[in-house]
Amino acid sequence: MGEMLLCFVFLLCRFRFCDAGLNHAGDYIISGWFPLHNSDSAVPSTPHVTDCKQGLTNKHGYHLVQALRYAVEEINNNNISDKRLLPGLTLGYQTYDLCSLPASNLATLDLLTKQRNRSGVENLAVAVIGPDSSTYSFTPAAALGAVLMPQISYEASNELLSNKLIYPSFFRTIPSDKNQVDAMIHILSRFNWTWIALLGSDNSYGLQGMQSLSQQASLHDICIAYQGIIPAVTDKTKKYMQDMVKNIIKTKVNTIVVFSNKRRASGFFPFVIEQNVTGKVWIGTEDWSVASIIRNIPGISTIGTVIGVSVKYTEFKGFEDFERLSVPGLVDAGPSNGTVNFDVPCLQNTDLYQMAIQGFSLEPYDIVSSFNVYKAVYAVAHALHKVLNCNSERCQKSKVEPWEVYQQLKKVRFSIQNTLFYFDKNGDPITGYDLVTWIWKDDQWSYKVIGSYSPDPIELQLDASQIQWRGPVSPVSSVPESLCSPECPFGNRQLQTGQHRCCFDCMACPAFTFLNKSGYTSCQPCATEEWSESESETCLQRTELYLPWDSLLSLSLLAYLAVTLFLTISTALIFLLNLNTPVVKSAGGKICLLMLASLTVASSSTLCHFGRPSQIGCLLKQPLFIISITVCLACVTVRSFQVVCIFKWSSKLPRYYETWAKNRGPEMFIFISSLLEFFISFLRMVIDPPFPSQDFDFYHDSVVLECSKTLSVGAFAELIFVAVLSLVCFCMSYMGKDLPANYNEAKCITFSLMIYMISWITFFTAYCVSRGSFSMALYVGAILTSVLGIHGGYFLPKVYIILIKPQMNTTAHFQNCIQMYTMAKQ
């Protein structure tokens with residue numbers, strides 16, 4: 001451990017000669033950390049300082065440094081408003097060249113050492129601007145957070161840095177990768193790209209981005225067919241990179257998300273071009289999607305369509321002119337007046353100097369990052385304005401601690417370049433992204449903004465017509481698909497065939513289910529009152545089956561009822577007017593009126609069968625008919641029994657018949673029979689009453705509106721009693737088939753009962769095979785036919801005699817018929 005500490009002390013001493021680099025004296029110092037060179041070597045096994053001068057010149061870092069200078073000079077010279085932020089005070093800066101991870105760590109150590117060993121002569125840093133990489137930010141953010149030294153990064157976007165428990169004093173002017181991941185997920189969902197490959201650089205930026213996107217993808221039904229990590233290109237990793245490209249081809253994905261920084265991506269795409277991978281859609285992060293190091297790769301135009309997420313562009317007014325005017329003074333000016341001293345041994349910036357004097361080009365990526373540096377400096381200035389209790393003329397305080405700046409940074413809210421800026425509770429800016437696409441015309445690259453993404457509120461705007469879709473050979477007009485399995489048609493569910501939910505077969509939904517969306521693995525059941533065929537995308541409303549009052553069939557039945565009622569009522573009137581005539585007396589006299597009244601009630605019970613079933617209708621319709629027809633059949637049975645006894649049994653059993661007649665036997669039989677039937681119906685109504693019901697089982701596409709308990713035990717008891725009474729009635733009538741003509745109703749009654757039984761047999765047969773409107777009409781028809789059958793067989797012959805043959809309606813005629821019957825018997 002001691003040797004390790006000595007090594008770090010030695011390295012720190014070697015690193016600190018960078019102090020003479022780009023710096024500017026001031027009352028309050030900002031420490032700027034910028035990548036002036038690229039020395040992207042792996043982390044060594046033993047600590048050592050990376051020799052920055054051996055790395056490649058980073059033109060992007062040059063612009064970042066100039067943005068720091070531009071902001072500081074504006075604030076010091078009061079160039080932006082009449083109200084000075086720091087009246088009577090100046091800002092200064094001290095920069096570090098963060099060309100590698102060790103350089104970032106040692107810059108942190110150097111800064112903390114200075115803060116601890118205060119000399120009282122030099123002004124100490126009150127805030128840190130940088131670094132540019134998430135990987136380079138973790139150690140500084142944790143170390144500086146321990147002493148609440150505010151740190152504002154302009155390019156570190158890893159969402160882990162938003163954790164205030166670990167990195168309390170970390171801020172940034174670039175959105176968190178959480179928002180970038182959300183934007184990518186929305187793009188994939190927008191084009192229904194559910195079968196993708198996911199690649200990430202082998203650093204915290206790529207690994208954390210891959211992890212977040214993988215978690216979000218599963219929540220949006222996006223399947224990741226292949227995941228790969230992009231390492232730095234070395235002799236050992238070339239074979240791995242080639243195999244990674246082959247695996248992408250093997251998975252047959254058309255959309256690849258590359259969550260990588262530009263350095264790793266620039267090493268990966270040559271392998272893609274080498275294996276002639278074309279016609280794909282590449283989703284890029286803000287770090288590489290508009291970076292020149294990527295678009296300048298030879299043959300990059302052949303890889304397909306590139307859609308990138310880019311930090312929202314804001315016009316940076318005056319910055320380009322500032323850079324241009326700064327170049328002439330670089331040679332003569334020294335570090336004391338705020339310009340660059342290129343002769344110091346640490347930076348060895350001859351190449352940067354040559355780049356500056358030979359001309360420079362500000363690309364959109366440079367402008368966006370430079371503006372982020374510019375905002376960071378102004379955020380520090382506004383925080384100092386609050387800490388120092390400044391007004392427009394002077395500041396009240398002079399001594400400032402970094403933790404005081406940190407406290408005020410959380411509250412700053414200001415407008416800069418017509419843009420409102422502030423930090424949220426996690427130290428992140430509330431800003432969105434531009435969505436860009438690559439445009440190639442005659443091998444000339446350009447990019448076009450095709451939309452935007454806002455995290456608060458979440459909103460994706462994208463104009464797909466602006467995208468230049470590139471197929472394997474030539475541009476295509478339609479959006480490329482990236483699916484493991486094509487979407488199932490509506491009415492078909494997905495049956496997963498592998499480990500990925502995006503790979504499936506389609507199976508038709510069975511009857512009584514539906515599926516009106518694609519991507520579902522289960523069919524939705526129809527509601528009880530609905531139905532569907534197999535492979536349906538919606539359910540249909542069931543047809544309601546009942547006898548409506550206004551249907552043609554119902555109107556015909558109502559006409560039939562009207563005729564029946566007319567006949568029974570008119571017959572009752574005729575019999576009432578001729579009650580004392582021999583024909584009416586021989587038919588039963590007053591009993592005939594009771595029979596006709598019961599037939600009228602039985603006919604009227606059919607009115608309960610029309611319309612939608614009601615509670616009262618269900619309670620009345622069967623008892624009304626059953627009780628009334630029982631009364632009628634009991635009367636017919638009594639009448640038949642009387643005639644048979646008079647002509648056949650009176651001589652053999654004179655006392656029995658006389659006793660039965662004197663003790664009101666006929667009336668008692670009718671009363672008891674009717675009372676028994678009424679008692680059965682009453683018990684049924686009390687114990688198991690019917691009610692309006694819906695039968696969904698008989699038909700698949702219809703619902704039968706009927707009364708429940710149609711085939712209950714009580715209903716069968718009622719029907720059996722009527723059936724037994726009908727059989728007894730039939731037997732009595734048949735025994736009197738050879739009686740005198742005026743008393744012989746056997747044939748007519750037998751025929752009536754035959755019609756009665758046939759009509760009900762027909763109805764029950766139809767009811768077993770059909771429950772629709774026709775079977776309901778048969779029920780009404782059976783009632784009316786039964787009534788007309790009894791009426792026609794028993795009463796019409798007598799009405800015929802009364803109205804047409806009045807000469808036969810005399811006592812003499814009836815006595816003559818009896819005498820002729822007696823003579824014939826003898």
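A cavity here is a set of grid points where a 1.4 Å probe fits but cannot get out, and its lining residues are those with an atom within 4 Å of a point. The model is a predicted one. In this model, six cavities of 30 Å³ or more are counted.

Start with the largest cavity, which holds about 330 Å³ of space. Its lining is made up of 26 residues. To find the middle of this cavity in the structure, look for His609, Lys621, Glu706, Cys707 and Tyr779, the lining residues nearest its centre. Four elements each give at least two residues to this lining: helix H17 (615–649), strand S27 (702–707), helix H21 (746–769) and helix H22 (773–803). Sorted by class, the lining of the largest cavity contains 13 nonpolar residues, eight polar residues and five charged residues.

Now turn to the second largest cavity, with a volume of about 110 Å³. Here 15 residues form the lining, and those closest to the centre are Ser310, Val311, Pro364, Tyr365 and Val368. By class, the lining of the second largest cavity divides into nine nonpolar, three polar and three charged residues.

How values were computed:
Residues are numbered from 1 along each chain as its sequence is written. This is a predicted model: local features need pLDDT of at least 70, side-chain atom pairs count only at pLDDT 80 or more; totals for chains, interfaces and linings use all residues. Side-chain values use heavy atoms; hydrogens and water are left out. On a 1 Å grid over the protein atoms alone, a cavity is a set of points where a 1.4 Å probe fits but cannot get out, and a pocket is an open set with protein on both sides within 12 Å along at least five of seven lines; lining residues have an atom within 4 Å of a point. Grid points are joined across faces, edges and corners, and a volume is the space filled by probe spheres set on the points. Ala, Val, Leu, Ile, Met, Phe, Trp, Tyr, Cys and Pro count as nonpolar, Asp, Glu, Lys and Arg as charged, and the others, Gly among them, as polar.
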